[in-house]
Amino acid sequence: TLNGAGQTAFAASFQDSNGSLTVANYSGVFLKRQNNLDLVILAGAPATGISVDGRILGFCCGSGAPLFNAAGDTAFSSGLYDRNGNPMNTPFAIWSASHGVPQPIAFAGRQVPGVENGATFDSLIADLSFNDASEIVFWGGLQRNQGTISEANDEGIWTGNETTLRLVAREGNPAPGLNRGAAFYSVAVGLEDPRINNLGQTTFVAVVNKAAGNGGFDPEYGV
């Protein structure tokens with residue numbers, strides 16, 4: 001990712017000649033500022049803020065590549081494993097790194113704001129959007145069978161940073177700007193992932209059920 005100052009953030013994997021690298025430490029996230037190339041975090045580092053025993057497994061590329069904003073902060077996603085090299089029950093995390101210190105924003109198993117008390121994330125999508133105020137927007141799935149969470153309301157979009165998250169939209173919640181009773185049917189539509197601008201405003205594609213208030217199904221796509 002290239003920011004407005006011409007600085008770059010990227011994930012890379014390594015190879016060596018003496019075999020000292022393993023699947024646990026063969027990749028990292030880097031920043032390129034002017035003539036300096038800095039390491040943000042290396043695979044195998046402790047999963048600070050998530051688990052005492054957790055380690056960071058690796059980093060996404062392509063659509064899930066690290067992001068870099070005008071403030072010089074980064075956002076990235078990673079897998080997680082325990083100290084024995086086994087995948088954790090919280091297998092995925094989203095991070096931000098302000099001044100080079102990574103902090104978790106969301107991870108499977110984290111309690112979720114804006115929904116039922118005790119509800120936790122079950123899954124996350126790695127394709128992030130990151131603004132110059134270091135706010136991230138992302139799609140998250142909720143663990144079902146917690147309170148009233150079911151297939152009908154287990155998807156949502158959240159935005160925020162390492163200290164505060166807020167719900168933007170959720171399956172089953174009222175959809176504004178349409179007839180009374182219209183509700184979001186799905187907020188995870190194809191490849192159109194949510195985006196956030198520097199004012200903190202978000203956009204996303206959703207399917208709305210215009211007949212939800214009547215117990216029917218009349219779908220419509222919208223942004």
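A: Leaving aside residues up to four places away in sequence, Ser186 touches Glu155, Glu171, Ala206 and Val207, where contact means heavy atoms within 4.5 Å. The model is predicted, so local features need pLDDT of at least 70 and side-chain atom pairs count only at pLDDT 80 or more, while totals for chains, interfaces and linings use all residues. Residues are numbered from 1 along each chain as its sequence is written, and side-chain values use heavy atoms, with hydrogens and water left out.

One of the neighbours of Ser186 is also a polar partner: the side chains of Ser186 and Glu155 are joined by a polar contact of 3.3 Å. Such a contact is a pair of N or O atoms within 3.5 Å; within protein, one must be able to donate a hydrogen and the other to accept it, and residues adjacent in sequence count only if both atoms are side-chain atoms. Ser186 counts as buried because its relative accessibility is 11%; buried means under 20% relative accessible area, exposed over 50%, and partly exposed in between, with a 1.4 Å probe and protein chains only.

Ser186 belongs to strand β14 (residues 183–186). Strands (E, at least two residues) and helices (H or I, at least four) are DSSP runs, numbered from the N terminus. An open sheet of three strands, in the order β14-β17-β18, has antiparallel pairing; its edge strands, β14 and β18 (219–222), each pair on one side only. Strands pair if DSSP finds at least two bridges between them. Four bridges join β17 (residues 206–209) to β18 in the antiparallel sense, and Val208 stands opposite Glu220 in β18.

Strand β4 (residues 55–59) runs antiparallel to β6 and is joined to it by three bridges, with Ser78 as the bridge partner of Phe59. Strand β5 (residues 67–68) pairs with β6 over two bridges, also antiparallel, and Leu67 stands opposite Ala75. Five residues separate β5 from β6 in a hairpin, and Gly72 in its turn has a positive phi of about 85°.

Charged pairs complete the picture. The whole structure holds two salt bridges, each defined as a side-chain nitrogen of Lys or Arg within 4 Å of a carboxyl oxygen of Asp or Glu. In one of them, the side chains of Glu116 and Arg170 meet at 3.2 Å, N to O. This pair links distant parts of the chain, 54 residues apart: Glu116 in the loop between β8 and β9, and Arg170 in strand β13 (residues 165–170). Glu116 is partly exposed because its relative accessible area is 22%, whereas Arg170, at 7%, is buried. Arg144 forms a salt bridge with Asp154, their closest N and O atoms being 2.6 Å apart. Both Arg144 and Asp154 lie in the loop between β11 and β12 (155–160), 10 residues apart. Arg144 is partly exposed at 39% relative accessible area, and Asp154 counts as buried at 8% relative accessibility.
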